[in-house]
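The following exercises are to be worked through with the sequence and the structure in view.

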Amino acid sequence: MAQNGKPTSKSNGKSNGTRNGDAAPWVGRKLKRKEDPRLIQGISHYTDDLKLPRMLHCVLVRSPYAHAEVGAIRTDAARAVHGVVGVFTAEDVSSIGMVPCAIQMPDLKVPKHPVLATERVRYVGEPVAVVVAEDLYAARDAAELVEVDYEPLHVITNMEKALGNETSYVHEEFRSNKAFTHALKNGDIAAAFKKADRVVKQRMINQRLAPIAMETRAVLAEYLPGEKRLTVWNSTQIPHLLRTQISVMLGLPETAVRVIAPEVGGGFGSKLNVYAEDGIVPWLAMKLGRPVRWSETRRENFASTIHGRDTINDVELAVKKDGTVLGLRVRILADLGAYHQLLTPLIPQLTALMLAGCYKFPAIDIEIQGVFTNKMSTDAYRGAGRPEATYIVERIMDIAAHELNIDSAEFRLKNFPQSKEFPFNTVTGLTYDSAKYQESLKKALQLAGYDALRRRQKNGLKQGKYYGVGVSTYVEICAIGPSAATPAGGWESATVRIEPTGKVTLLTGASPHGQGEETTFAQLIADQLGIDPDDVNVVHGDTLAVPYGIGTFGSRATAVGGTAAYLATQKLKAKLATLAAHLLGAKPGDITIGRRVLTAKGSKKSIPFREVVMAAYTARSIPAGFEPGLEATHFFEPSNFTFPFGAHIASVEVDPETGEVKLEKYVAVDDCGNVLNPLLVDGQIQGGIAQGIGQAMWEELIYNEEGQLVTGTLMDYALPKAHFLPNFTLDRTVTPSPVNPMGVKGVGEAGTIASTPCMVNAVCDALASLGIRHIEMPLKPERVWQAISHAQAAPREPEPLLVGALAASAARKNAQKPARRRT
Amino acid sequence: MIPVNFDYESPSTLAEALKLLASREDAKVLAGGHSLLPAMKLRLAQPALLVDIGRIAGLSYIRESNDQILVGAMTTHADIASSKLLQRSSPLLSQAATQIGDTQVRNRGTIGGSLAQAHPGADYPAAVLALDAQIIAAGPSGERVIAATAFFVGMFTTALRPDEIITEVRVPKTENESVVYKKHHHPASGYAVVGVAVRLKVSGGKIESAALGLSGVSQNAYRATAVEKALRGKPVAAIREAAAHAAENIEALGDYYASAEYRKHLATVMTRRALEQAASGAAK
């Protein structure tokens, strides 16, 4: 594997698909994506682009109330609209199974989750009826004519109130709004807090976010009664798991269901799910005997596609005054929304697992309560639990550094495990595979010009300028994951087939939806077989073509799916060697695979790759017992997760008069193990950072007290735009993972995980001299301005006494800084 | 997103358009379509008839006439932003236009459409107020001139009658004045949370005249007359104190992004900064 150097925006002259004569491997090159020409030209097909003869369209009628009894539903007027084929309510679709939840926990309350609401609606946007018509106009017009009697009920939106003495419940049958309690305790936490010189406490809120994939959800279904075959085109990250669930929901043999994920325009976890519409639309196609298509509007996407985050975190860090961390206590309330979608209760548990961050905490005490509210379900959104954990750890570390008056980078360096301590067992029970945390942070500090930034900060204060430097380090859990630790199997499949002409087909169980595996997997196979990436066609997202696979999420496709492809290719290499040896009169062990040629060591005899391949198919001259053809399948079960890591630094200036934040510089040093394609890794990091900064600065899904979504359109919900952001400075360190033969880790979520606390740390750092220690996200100008106004109005407390060598050195460094104060 | 059924006409003359507009009570004029069409897609607007004035010749122009610049109602934001004539002789309108929406919006949206829509966070209203612009409206009984200061009467509400169409906007040349448009963009919509348009004439260190239009702060754009009054005849140093009156007696809008209190605060800070910038420009 190539050990890749610096990722930069400079293009590599020999990077565009044409192979130069040298033997440099394909892996490690900045190849442009094979996918892009068709996507950029708009000549490919998403689900909404597909049209079938006699296709019908459907529109869901959704609840305008967050919590209400559903009375009579009158559909006559809707049925009378010209072009309407049918209107269906819960009664009609009662044969469809529940919307599934894959998570099992001992005390987990699992509410019934019918595809159309029965007697109650529990969030705004919950589907209550579906209208099917010849065209979308008729369906949309008719949907407005469906009359539903609602009896509004008390709306539960506040988690703390939901757990208090309230007598109203999202689900009456549970007589409680608590869905589960999950605890993770290890080490002597009482001793840690007893021994602590200081306990740093902070409540921090991780606000609710919308995943906002560029392509909204869409389903097209066709049933052929003669063949008894249901085909479903679905914008999904998990075609096989969806096929299994559709067969269960509709009571069909799984062999009768084919799921195709055509082009999928992003998911960020929101399409790692099974939704009501995924059952309804195929049911309609079967019921009506005609193809039916549903395409989600953006407003529906806001209201009825899963949300992410939404936790309240009470955090306490026990720390010695020399800066040694002793223990972490975290209490989390996780807003689950009204129902469990596929993985809803799992996400906070992932947070718990990652709360050790990249530090040596001797003791930890975590308790999480999952809470039902009258909102859309939360579930996996880019990072899925890890950004929440990293936010908690990196914020409390920064707050502690300020309280102890220790430089925040120095404080982190002191508490990292050393690289020789890996594999490192964390207090939360994980084994981190490999890392060099110090190297990564030091590189970031150097790239950012950290010391100069600190000097500027100090000098700026004298001129009333508020510069801040945010440091955030992170470790994340990727390559999800060993099956024992995942709800639906954590392996991945690959079938590699060398066709008679020497072209290669890879059938991967991964389901790329923007990640570019058609390119990276082709690169890795090309190197193994001595051919070009253009010779490799990567097929995915069709359950009839591809062996059962798990899908693309959790930064797993390359580390698990890519490894499966790599190992399947090894099987073929062995077969090629056997056949080449037979044809050359040599020993299989002496055969090496070169560029389009197989050579016998020593004898210098060689045979073109294509001839060996053809011989395997003509099968006229094959060794005894040699199985004709060249196809191999591997199901790869990983032995552990992988744990990418890195260090990010943000430099900001805060306008003290308006609270506006200017992001001036952003440096990211990420380590995702070996790199298949630096261009794609950089792309993932770039997008991830933007998305994470989006949470820190702009994004928030607000439900008001009536449970109405206040920021449910793109005119209200602020996504990061390119011109909001500076050019990022990216670099990396490369620490191969020992968990898989390619030494890869995963990179899909890293940027999102690191950048959110990095930004908040930077802004709070800028205002630390005013005594501000925490501002809740998003850091809207008004919030920042309010914090500044309150701080300026509040009286000052004296500087805390500093003891110890490290603190003393920090004190020297900070001698020029104005006094700090705890608020 | 699918609008309700509607009729569509694209007349080739203004007279025809006015006739169509008068023919139906729930008829609406379609100019650039960047406010109306999104509202129709969400079914928030449900006009029965759309009168598309995009095919009427001669409504898109920017030309000089004595001491005024005349801007046709169907002139796009992009054309206004890039007009050399405006940039030279009355740059405030161009400054405001460059800050509207995004490239797509600027390429399709028109000044007439934007003024008629009168979104509280639109950019032109602040500019035309500061410029004392004239808005020309054609109706069944002929043409009339509406002063910008009398045009904006409420949220999405103007002095325009339902049977009138804006044909032209007339702005004065401001070659001897200093103009500045400052904007706090809403991060999602791009509309002005606060937009401050300043037109300042300074001579001998004294402020001869000042005109300020503010968008975004309240239901409709307004002239900050208290600030103007506090500046007139005063030295430039009076700016700080004068700017404090920017949102005086204004009932400010408040939402999840910016409360009324913050909008008013922002208005005063941005007014001061806009004035300071204008004054420093004027000093050169």
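**Exercise 1.** Determine which side chain makes a polar contact with the side chain of A:Gln202, and state where A:Gln202 is found.

*Solution.* 
Step 1. The side chain of A:Gln202 makes a polar contact with that of A:Arg773, at 3.0 Å. A polar contact is a pair of N or O atoms within 3.5 Å; within protein, one must be able to donate a hydrogen and the other to accept it, and residues adjacent in sequence count only if both atoms are side-chain atoms.
Step 2. A:Gln202 belongs to strand S8 (residues 198-209) of chain A. Helices (H or I, at least four residues) and strands (E, at least two) are DSSP runs, numbered from the N terminus.
Step 3. With a relative accessible area of 15%, A:Gln202 is buried. Buried means under 20% relative accessible area, exposed over 50%, and partly exposed in between (1.4 Å probe, protein chains only).
Step 4. Not counting residues up to four places away in sequence, A:Gln202 touches A:Asn313, A:Asp314, A:Val315, A:Ile396, A:Ile399, A:Arg773 and A:His774; contact means heavy atoms within 4.5 Å.

**A note on the model.** This is a predicted model, in which local features need pLDDT of at least 70 and side-chain atom pairs count only at pLDDT 80 or more, while totals for chains, interfaces and linings use all residues. Residues are numbered from 1 along each chain as its sequence is written, chains are lettered from A and ligands numbered from 1 in the order in which they are written, and side-chain values use heavy atoms, with hydrogens and water left out.

**Exercise 2.** Describe how chain A and chain B are in contact.

*Solution.* 
Step 1. On chain A, 30 residues are in contact with 23 residues of chain B.
Step 2. About 2300 Å² is buried between the two chains, and carbon and sulfur atoms give 56% of this area. Buried area is the accessible area (1.4 Å probe) that two parts lose on being put together, summed over both.
Step 3. A:Glu657, A:Glu782 and A:Trp785 supply 24% of the area that chain A buries against chain B, more than any other three residues.
Step 4. The rule finds five salt bridges across this interface, a salt bridge being a side-chain nitrogen of Lys or Arg within 4 Å of a carboxyl oxygen of Asp or Glu. A:Glu144 and B:Arg43 form a salt bridge through their side chains (3.4 Å, N to O).
Step 5. Helix H3 (136-145), helix H8 (298-304) and helix H19 (781-793) of chain A are the elements that give two or more residues to the side touching chain B. H3(A) gives the most, with five residues.

**Exercise 3.** How many disulfides does the structure hold over all chains?

*Solution.* 
Step 1. A disulfide is a covalent bond between the sulfur atoms of two cysteines; the cut-off applied here is a pair of cysteine sulfur atoms within 2.5 Å.
Step 2. Over all chains, the structure holds zero disulfides. A:Cys358 is in none, and the nearest cysteine sulfur, that of A:Cys758, is 13 Å away.
Step 3. The sulfur of A:Cys672 lies 8.8 Å from the closest cysteine sulfur, in A:Cys478, which is too far for a bond.
Step 4. A:Cys358 is buried at 1% relative accessibility, and A:Cys672 is buried with a relative accessible area of 6%.
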